[in-house]
Amino acid sequence: MRILLIEDDPDLADVVALGLRNESYAVDQAATYAHAEELLRTTTYDVACFDLGLPDGDGLELIRRLARDLELRRPRRSLVLTARDAVADRVAGLDAGADDYLVKPFHFAELVARVRALSRRGESHGSTLRVGALTLDLAAHQAWRDGSELRLTAREFSLLRYFMHHPGDVLSAEDLLEHVWDEHANPFTASVRVILSRLRKKLGEPALIVTVTNVGYQLKERP
Ligand code: CA
């Protein structure tokens, strides 16, 4: 899952980004409207968190633009983070297209729980994700195949979680790079192949993630 965090308070932004990275999300940060706009031109985020009061613009206006400006890529889910707690502002945020709303000051754990809930909305119940023989506990960061625990690094967990959100879909190395790695990542898709081959080894036999020649990779529900 790749998250965009738009927040101009540097201390708050760093604490939130660190916490999300510790949950093995890929996180890009923007402290201005202009930088957020630039990132939204090139990346489709799984979840975007919008601060409304930005030094060079209004986050609410940016959310509204996502609905009509074809140059911008609309994030799959949007969350508004703001000190404005008036009912009118909350309604305006949701009307503009946001999926959820969190009023500052918020507890970091609540933000992580909301991001987790948004990223899996419509896909499963509770914090457990199941595809075939695989089970992921999204909150505890544990993974199992047929009941045997898999010892995964944060990046491997994040990669497997992305596959499990798209079972049966053929995902290209570029898709994986865009959704599992953030903008500080090695830009070469070779790093995707290295982590993927480690993950496949840990998943064991018979193979659950298969290569679709010249297209990408696919998680099978049954080997
Ligand atoms: Ca602000």
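How many residues apart in helix α2 are Arg 41 and Glu 37, and about how many helical turns separate the two?

1. The two residues are four apart in helix α2, which means that about one helical turn separates Arg 41 from Glu 37. Their side chains meet in a salt bridge with an N to O distance of 2.8 Å, where a salt bridge is a side-chain nitrogen of Lys or Arg within 4 Å of a carboxyl oxygen of Asp or Glu. Glu 37 is buried at a relative accessible area of 17%, whereas Arg 41 is partly exposed at 33% (buried is under 20% relative accessible area, exposed over 50%, and partly exposed in between, with a 1.4 Å probe and protein chains only).

2. A word on the basis of these notes: this is a predicted model, in which local features need pLDDT of at least 70 and side-chain atom pairs count only at pLDDT 80 or more, while totals for chains, interfaces and linings use all residues. Residues are numbered from 1 along each chain as its sequence is written, and side-chain values use heavy atoms, with hydrogens and water left out.

3. Glu 37 has a further partner in Arg 65, the side chains meeting in a salt bridge at 3.1 Å, N to O. Because Arg 65 belongs to helix α3 and Glu 37 to helix α2, this pair ties together parts that are 28 residues apart in sequence. Arg 65 is itself buried, with a relative accessible area of 12%.

4. Helix α2 spans residues 33-42, and its buried residues are Tyr 33, Ala 36, Glu 37, Leu 39 and Leu 40. They cover an arc of only 165° around the axis, and therefore lie on the same side of α2; the arc is that of the directions from the helix axis to the C-beta atoms. The elements that cover these buried residues include β1 (2-6), β3 (47-51) and α3 (59-68), contact being heavy atoms within 4.5 Å. Helices (H or I, at least four residues) and strands (E, at least two) are DSSP runs, numbered from the N terminus.

5. The calcium ion deserves a separate look: Asp 8 (OD), Asp 51 (OD) and Gly 53 (O) coordinate it at 2.2 to 2.4 Å. Along the chain these donors follow the spacing D-x42-D-x1-G. Donors are N, O and S atoms within 2.8 Å of the metal (3.2 Å for Na, K and Ca), and water is not among the atoms, so sites may look incomplete. Asp 51 is buried, at 3% relative accessible area, whereas Gly 53 is partly exposed, at 38%.

6. Asp 51 also forms a salt bridge with Lys 104, the closest N and O atoms being 3.1 Å apart. This pair links distant parts of the chain, 53 residues apart, with Lys 104 in the loop between β7 (100-103) and α5 (108-119) and Asp 51 in strand β3.

7. Finally, the domain assignment, which is automatic or taken from a database, gives domain 1 (2-119) and domain 2 (128-219). The C-alpha centres of the two domains lie 26 Å apart, and their contact takes 19 residues from domain 1 and 17 residues from domain 2. The area buried between them is about 1300 Å², with carbon and sulfur atoms giving 40%; buried area is the accessible area (1.4 Å probe) that two parts lose on being put together, summed over both. Between domain 1 and domain 2 the count is two salt bridges.
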